[in-house]
Amino acid sequence: MKKAIFLFMCIGVLMNGQKFSDYRARYDNFDENDSHAMEFVDVYIREAKKVKNYKELSQAYRDAVYFSKEKKLMYADSVIGAASLAKDSDVIGNAYLTKGSIYYFTLRKYQKALDEYLRAWAYLENSKDSYLYHKNLYHIGVVKSYLGYYEEAYKIFSKCRQYYNTQNASETQPNLRHNRKRGYLNSLNQMSICLILLFRYKDAEPLVSEGLQQSANDKDFDLERSYFYKLKAILGYLERNDREALADFNTALAGIEKVNDFTNVSVIYYLKGKILLRNNQDQQGVGYLKKVDSIFQQNSFVLPATRETYELLIDYYRNNTDPKKELYYTNQLLKFDKILSADFKYLSTKIHKEYDTKVLIESKKKLENTSRFGYAIAAFCLIGLLVISGVGYQRIWKKRKGELVRTQAVMEISGEESQETNSVKSFKLPEHLVADILNKLKHMEEKNFYLEKGLTQSQLAKKLKTNTAYLSAIINEHKGCNFNTYINRLRIMYAKEMLTNDPLWRKYAIDDISRECGFSNRSNFSKLFLEMTAMSPVEFIRKIEQGVE
């Protein structure tokens with residue numbers, strides 16, 4: 001029956017003058033990775049070859065990429081080959097974008113993806129095709145977001161959202177309107193991710209709601225809707241609406257698992273695991289964390305957001321006196337960090353050297369400095385974990401925890417918990433005690449207690465007339481981070497406020513500013529300032545002086 005339908009369609013195409021748009025109309029309603037569409041795509045490929053229309057041939061191969069399951073890279077190379085023969089910059093740039101998307105979204109090979117995106121940018125940077133220009137810009141934003149440059153990525157996605165949300169009267173074909181809406185929803189999704197990673201949860205909420213509303217009641221955008229449910233669940237997790245968050249994660253999984261997006265699946269498993277652990281459902285929670293490790297084993301990919309999975313598993317098996325499994329997950333974390341450090345070093349260097357537009361020239365120095373810092377952090381993590389596996393690790397590890405936690409704040413989705421805080425068992429504190437400690441903390445914040453150099457959690461607990469366990473639990477739950485991150489955030493906020501409002505501060509040396517803010521050295525202050533503001537202290541001062549801030 002299928003062969004008869006296929007033959008009928010081919011005859012129909014011939015009778016209608018063999019318009020290439022007719023070929024595409026035959027498989028417009030097929031889903032991605034549906035190999036049945038390849039019967040019709042193959043006819044399109046043969047006809048484009050026959051008349052040597054290389055622009056159409058490139059499009060035909062691009063469609064083959066979309067519908068093929070196992071030969072996506074092969075067809076992507078064919079797209080590039082046909083595009084090269086077409087000798088059209090837009091067609092060639094789009095071909096490299098196609099291959100980059102396969103590496104990034106299907107294979108999760110970030111280094112190779114960036115190479116293809118940058119090759120595309122060489123052809124599309126000055127393109128008059130605004131759709132292709134923004135399509136490439138979107139993918140550059142995706143890489144920036146992965147690297148941790150959330151402010152810059154957010155600005156890129158905002159531009160893309162504005163472009164895709166503008167109706168184009170010339171786009172009368174349904175597939176063009178469909179692509180524009182998909183670009184709009186994807187930009188909205190990426191903007192929400194950046195806001196969450198920047199701790200701007202309230203700003204993210206309306207974007208997530210808009211995404212859910214715009215993708216509702218349209219089967220063509222079921223997958224996009226699944227991603228918005230994932231973000232809704234993350235916001236619920238951050239607000240500790242655990243039951244609702246778990247339900248939304250399950251809704252998201254139903255769609256995301258269908259397309260084998262193991263990256264987002266691993267994030268969902270990780271956060272479901274954390275929710276269950278903090279609700280004292282240890283076995284179920286650990287089960288989800290193990291699923292994250294299974295994905296890592298199968299795909300050899302890493303996502304910074306899921307790194308804490310291994311710290312949680314190491315803690316769990318250490319507390320349950322299972323040295324064999326503790327050692328296994330320690331080794332897995334070493335492997336994870338090795339891949340992560342390689343990705344960050346390579347990607348940051350490449351994007352700094354080759355992505356050079358007028359809009360982002362000012363960010364080049366930040367990219368270079370941040371990439372070196374990211375690599376140094378990863379190397380530090382490796383050293384710290386090696387120390388753990390040796391004799392006498394406990395004493396040294398306590399000194400290193402603060403540094404590792406700051407690293408986690410950059411990489412995690414929530415930045416809420418760390419190894420230090422996970423060692424504290426979950427328990428319910430009396431409400432009057434929590435209120436009392438929070439009031440004391442608020443009073444001490446007003447008095448700038450955090451400027452005291454070398455302040456420890458134990459010292460602060462004594463000042464508050466409580467113990468470190470209670471203080472740690474309250475800071476984690478009500479401040480959304482661990483003690484070290486809490487103190488450093490206050491110090492950096494203080495530095496920003498003083499630099500913004502006091503001209504004399506802008507004349508101080510960075511060494512003096514760091515000491516005034518309670519830091520022991522300039523290097524530590526500068527690194528944390530860069531992490532939390534996406535610019536160095538010198539750049540921040542310069543922007544204020546120029547009237548930017």
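**Reading the fold, the helix pairs and the buried residues**

Modeller: One begins with the secondary structure, and here the protein chain has 27 helices and zero strands. Please bear in mind that this is a predicted model.

Colleague: What share of the 549 residues in the protein chain is buried?

Modeller: Buried residues account for 51% of them.

Colleague: How should I read the packing of two helices, for instance α6 and α8?

Modeller: One reads the angle and the distance between the axes. Helix α6, residues 89-106, packs with α8 at an angle of about 30°, and their axes are 10 Å apart. Angles under 35 degrees count as roughly parallel, and α6 and α8 are therefore roughly parallel to each other. Their crossing is left-handed.

Colleague: Which residues of α6 and α8 make the contact?

Modeller: On the α6 side they are D90, N94, L97, S101, Y104 and F105, and on the α8 side L132, K135, N136, H139, V142, V143 and Y146. By class, this contact of α6 with α8 comprises seven nonpolar, four polar and two charged residues.

Colleague: At what angle do the axes of α14 and α15 cross?

Modeller: The axes of α14 (residues 262-278) and α15 (residues 282-299) cross at roughly 160° and come within 7 Å. Because angles over 145 degrees count as roughly antiparallel, α14 is roughly antiparallel to α15. The crossing of α14 and α15 is left-handed.

Colleague: Which residues meet in the pairing of α14 with α15?

Modeller: From α14 there are F262, V265, S266, Y269, Y270, K272, G273, L276 and L277; from α15 there are D282, Q284, G285, V286, Y288, L289, K291, V292, I295 and N299. The contact of α14 with α15 has eleven nonpolar, five polar and three charged residues.

Colleague: Where does E116 lie, and what does E116 contact?

Modeller: E116 belongs to helix α7, residues 110-124. Its relative accessibility is 6%, so E116 counts as buried. Leaving aside neighbours within four places in sequence, E116 is in contact with I80, Y96, K99, G100 and Y103. Sequence and space may also be set side by side: E116 and Y104 are twelve residues apart in sequence, and their C-alpha atoms are 9.8 Å apart.

Colleague: Which residues does S145 contact, leaving aside its neighbours within four places in sequence?

Modeller: S145 is in contact with Y150, A153, F157 and C194, with those sequence neighbours left aside. S145 lies in helix α8, residues 130-147, and its relative accessibility of 8% means that S145 counts as buried.

Colleague: How many disulfides does the structure hold?

Modeller: There are zero disulfides in the structure. As for individual cysteines, C194 is buried, with a relative accessible area of 0%. C517 is buried, with a relative accessible area of 0%.

Key:
Residues numbered from 1 in each chain as written. Predicted model: local features only at pLDDT ≥ 70, side-chain atom pairs only at ≥ 80, totals over all residues. Heavy atoms only, no water. Axes fitted to C-alpha atoms, helices over the stretch in contact; angles between N-to-C directions. Helix = DSSP H or I, 4+ residues; strand = E, 2+ residues; numbered from the N terminus. Parallel < 35°, antiparallel > 145°, perpendicular 65-115°, else oblique. Left-handed = near helix turned anticlockwise from the far one by under 90°. Contact = heavy atoms within 4.5 Å. Nonpolar A, V, L, I, M, F, W, Y, C, P; charged D, E, K, R; others polar. Disulfide = S-S within 2.5 Å. Buried < 20%, exposed > 50% of the residue type's maximum accessible area, 1.4 Å probe, protein only.
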